[in-house]
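Here are some notes for a colleague opening this structure for the first time.

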Amino acid sequence: MKSSFVTAVAAAALAAGMATGSGGIAAAGLPAIAGLPATAGQARTTWDGIYTEEQAARGEPLYQEWCASCHAPDLSGGDLAPGLVGGEFVWNWSGITVGQLFERLRISMPQENPSNVTRAEKADILAFMLYVNEFPAGEHELADRTNMLEQIMFEAVQP
Ligand code: HEC
């Protein structure tokens, strides 16, 4: 039944939302700078809706299965593993590409055996991480190709 599928997706999105940490910077509500001409070839950033809510909802249970044991269910980090939410995490990655962050978890996470989780699953997990960090969702899924993700800048603050 179509309606029950939609309900399930909405419930999953809601569940993902419940994991949202408090350290989001989007809450600051920075005013958009109006009237600036769009530069040709301007790089896309984490503020341009680079993943979908459905993708983040898929990533949430994958994160809980493969990452939460070290990074905590709410992404706040553990004794050894750093937090993956909030100002410190976001500023740590700001100014580098989403591709580099993707490579980081593609090559080295989960720490015991990175190859247990597929590329596509890692893109879904990264979408979930972006969602929890309050970057806006959009129309198109985050790709699992590093060369495409290299075109997107991770920016702590909306440019
Ligand atoms: C066995 C524990 C463990 C698991 C499971 C694990 N991590 Fe990590 N993670 C760590 C540790 C420890 C570090 C810091 C040291 C290092 O970089 O290896 C880290 C670092 C990271 C970083 C870099 C953070 C930063 O800001 O520098 C990211 C991103 C990350 N992990 C994502 C993930 C994701 C996504 C998963 C699940 C697919 C995952 N980790 C699973 C232990 C773990």
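1. Helix α6 is mostly covered, with 11 of its 14 residues buried. The buried ones are K122, A123, D124, I125, L126, A127, F128, M129, L130, Y131 and V132. Please keep in mind that the model is predicted.

2. As for its extent, α6 runs over residues 119–132. From first C-alpha to last it reaches 20 Å, close to the 20 Å expected at 1.5 Å a residue. Just after α6, E134 takes a positive phi of about 65°.

3. Which residues have the most contacts inside the largest nonpolar core? They are L126, A127 and F128, in a core of 33 residues. Two or more residues each are given to this core by α2 (53–66), α4 (87–93), α5 (98–108), α6 and β2 (152–153). The largest share, nine residues, comes from α6. L126, A127 and F128 are also among the buried residues of α6.

4. The partner to look at next is α5. Its axis and that of α6 come within 10 Å and cross at roughly 125°. An angle over 145 degrees would count as roughly antiparallel, and 65 to 115 as roughly perpendicular; α5 and α6 are therefore oblique to each other. The crossing in which α5 passes α6 is right-handed.

5. Where the two helices meet, α5 supplies L101, F102, L105 and R106.

Note on methods: Residues numbered from 1 in each chain as written. Predicted model: local features only at pLDDT ≥ 70, side-chain atom pairs only at ≥ 80, totals over all residues. Helix = DSSP H or I, 4+ residues; strand = E, 2+ residues; numbered from the N terminus. Expected span 1.5 Å × (residues − 1). Buried ≥ 20, exposed ≤ 12 C-beta atoms within 10 Å, placed from the backbone. Core = buried A, V, L, I, M, F, W, Y, C linked by C-beta atoms within 7 Å. Axes fitted to C-alpha atoms, helices over the stretch in contact; angles between N-to-C directions. Parallel < 35°, antiparallel > 145°, perpendicular 65-115°, else oblique. Left-handed = near helix turned anticlockwise from the far one by under 90°. Contact = placed C-beta atoms within 7 Å.
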